[in-house]
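Dear colleague,

My notes on it follow.

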Amino acid sequence: MLGVLITFLLVAAAALAVTQVGGIITLLFIAAILFLAYKRLSLVAFAATITELLAAYTVYGHPAGIWKGILWVMLALLWLFTFRPLRKALVTRPFMKTYLRMLPAMSQTEREALEAGTVWWDGELFTGAPKWDKLFATRPPQLSAEEQAFLDGPCDELCRMLDDWDITHVRGDLPPAVWDFIKAKGFFAMIIPKKYGGLEFSAYAHSCVLAKLASRCTTASSTVAVPNSLGPGELLLHYGTQEQKDHYLPRLARGEEIPCFALTGPRAGSDAASIPDTGVVCKGMYEGREIVGLKLNFSKRYITLAPIATVIGLAFKLQDPDRLLGDERTDYGITCALIPRNTPGLTIGRRHFPLNVPFQNGPIQGKDIFVPLDFIIGGPKLAGQGWRMLVEQLSVGRCISLPSSATGATKAAVFATGAYARIRRQFNTASGNFEGVAEVLARMTGTAYIMDATRSVTAGAIDGGERPSVPSAMLKYNLTEMGRQIANDAMDIHGGKGICLGPKNYLGRGYEIVPVAITVEGANLLTRSLIIFGQGAIRCHPFVLREMNAAREKDKRKGVKEFDAALFGHIGFTLSNAVRSLVMALTLARFSRVPETGPTQRYFQHINRFSASFAFATDVAMLTLGGYLKKKESLSARLGDVLSCMYLASLVLKHYDNQGQPEEDLPLVEWACRSLLYKAQEQLHSFLRNFPNRFMAAAMRFFIFPRGQTYHAPSDPLAHAVASTVLRPSTTRTRLTEGAYRTVEPTNPLGLLHEALTLAETAEAYEKRVRVDGVKTGKITALDLPGQIQQALAQGILSETEATFLRDYDKRVMELIHVDDFTTEEMAAGHSQDEMRQMRYG
Ligand SMILES: Cc1cc2nc3c(=O)[nH]c(=O)nc-3n(C[C@H](O)[C@H](O)[C@H](O)COP(=O)(O)OP(=O)(O)OC[C@H]3O[C@@H](n4cnc5c(N)ncnc54)[C@H](O)[C@@H]3O)c2cc1C
């Protein structure tokens, strides 16, 4: 409707402009209306201003009779809608009834879960006019001296102790000394307050520890991530009784208790709320006394740390058929309890084998386990509150664990691959000099920048008090998908070196763990298709949740009043976004107001534009498809992608600012923003192409892409500039990979690769001389570099010092390029650490 109306206005205006004397005035009049809509005036202010404008237009523009009539009738309708009692009777009440029928039923728990966490920058992107001040007011993330000391001390030391091949192939576990170190130094206690003996780290420090560990050994980072994420520690902190906190938290902090959290089972994976596991309130014997307790029956699988856990956080459905809890209810819903490992009836200890990355993970079953009611986290008063607890706490944990680990592994991959592409020579030049390789390296580098920006800026927001639930889904999905892309890209650039497993392979296990990151904490297909946009559209939208709550309000008078305010606010919001989208698409957002005037200004403006288009498309989709949109997952996934791209691009700009806007990082910022905004455009385009109501799709296209798809992906020269930043030692390379374990030591391939990279420039100059003065002139006939160096020395092409340098460089390079080989017996897992060390370091 709206599209037709505005098209009609524009066509009429254009026609009048050509045929009537007052044509110019007509155009000015229409432009003034668009300007007012763009500026989002209140309904009364809008109606009052339009009245004055229309009066002036009628007098000076001499509009045609019918045209004038239509305009005055429309203005009269506008004024009618400013009269609340009338619009409530004519519009709000009838519409509210229909709206209520369309609303899916929602339990109190579901509603609480939906309202969990906070709305932060994600909410601004739903407005169509994001207030950048809000993002820029977020404190840049910072490490305290103590946190920095932990990263430089115990964290580096742990990295040094980790021998990935020994862990993943030889023992299938972390060595006992590593377990002891992890527990003793508090790696499992990063979120536990100091008063309970924990480290009480900021979200950013927590993220940095995981990133560093993931850059070295994913088995270790997965192991450390779990007790610090959603699980007993987190749940006790927020919901535990004082007694539970006093008992468990110091023991968890000291590593005396190893926690796990068991939600998933064979029958309930993605649809975790449908777990069939039960806890029935009944009387039973416990420690020789008859008490009212819970009889638990459950079967769980995929539970990280379960095989060695001493305390199991368990999710089950609580039932009270005999109403022993003294409430009318018999079904309480999901409840969480803590079950000690030695509880009779528990089967625990066997392991799953998650794709050659042998962090502890396995099934747990419980048969008729009887435990006291005060094993429920928070005690019996929190019976049935489990789902709310999980969703609330997920908003922080999901922003940190997997996004940080993916970023750490990515930093390592980029650091290694940049160096490898420089020292690996094919066709007489570094492989990174070829455009095909540089393109992939640029993608890796730019993507790493996006990931680092997103995880660090979001961690800063959490440290500032946010608990961003929709961003947690965006981070989890996007950063693990980017991690998957990077793992593939690193493999491609390394060729066979990445493929042949063994102690010399520093990529293989990182590649293998990718599907684990994709699957856990909300599998990515589900997160993209259902959660990001589905939750965002309700939680972040400025009006939808208000409308839903108002429609369900028990006090009808209050409900209608609130619904009316939300509904008319919403209508004005949608109209304004339509106009904003159109105007910014036509002007390429050149006049949109943004905080920056420097080289990044245009990216801010493009985000403004996509925000308006996205907000408009969201409203049209919800209005026309209603609850059916949930079923049209491909559509909501695409809108989710648009939201994610805007979120990530904004955080790139903020990160650049946080880092002091270093000029040399600009190519990365540009590559990141261009790639993300191009994807936003393409996903919006695909959304429109697939929108089932073709008339509405055409109307939306008019407002969103009146000039077609005008935004371009990064150019080749930009990509080459990005790749070059990691193909040589540079401040950008150092800054981008900050926090990865890069120490130069014999057992750290990352450090050794960088060391070789620092020598490459000089070595390349010598090699060139050997080639040009020696090989091309026929003075040098040897086919390999050691032979050529020998002849170059003899011919005076290289000095003694230069030849020694080049020999040493070549030796280092060949050590890094070599891969392992085994006898069939050696390949079988189970070799002693010493044997493998012998193989690796000679
Ligand atoms: C190594 C590992 C560690 C884990 N650790 C724990 C743990 O500590 N505690 C715990 O409780 N659980 C844990 N999990 C379980 C994990 O959370 C689940 O694997 C995950 O929720 C997916 O469940 P599923 O594997 O049964 O897949 P399924 O639910 O069968 O899903 C299969 C695929 O279908 C997709 N899908 C399902 N529904 C939809 C939909 N509506 N739209 C689009 N796509 C959809 C999913 O995204 C997925 O890609 C772990 C899993 C693994 C593999």
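The model is predicted, with local features needing pLDDT of at least 70 and side-chain atom pairs counting only at pLDDT 80 or more, while totals for chains, interfaces and linings use all residues. Residues are numbered from 1 along each chain as its sequence is written, and side-chain values use heavy atoms, with hydrogens and water left out.

Among the polar contacts (pairs of N or O atoms within 3.5 Å), a ligand oxygen lies 2.6 Å from a side-chain N or O atom of Ser270, and a ligand nitrogen lies 2.7 Å from a side-chain N or O atom of Thr264. The protein buries 69% of the 970 Å² that the ligand exposes when taken alone (Shrake-Rupley method, 1.4 Å probe).

Elsewhere, the axes of helices α33 (residues 785-795) and α34 (residues 800-817) come within 10 Å and cross at roughly 175° (helices are DSSP runs of H or I, at least four residues, numbered from the N terminus; axes are lines fitted to C-alpha atoms over the stretch in contact, with angles from 0 to 180 degrees between N-to-C directions). The two helices, α33 and α34, are therefore roughly antiparallel to each other (an angle over 145 degrees).

Best regards

Terms used
A polar contact is a pair of N or O atoms within 3.5 Å; within protein, one must be able to donate a hydrogen and the other to accept it, and residues adjacent in sequence count only if both atoms are side-chain atoms. Angles under 35 degrees count as roughly parallel, over 145 as roughly antiparallel, 65 to 115 as roughly perpendicular and the rest as oblique.
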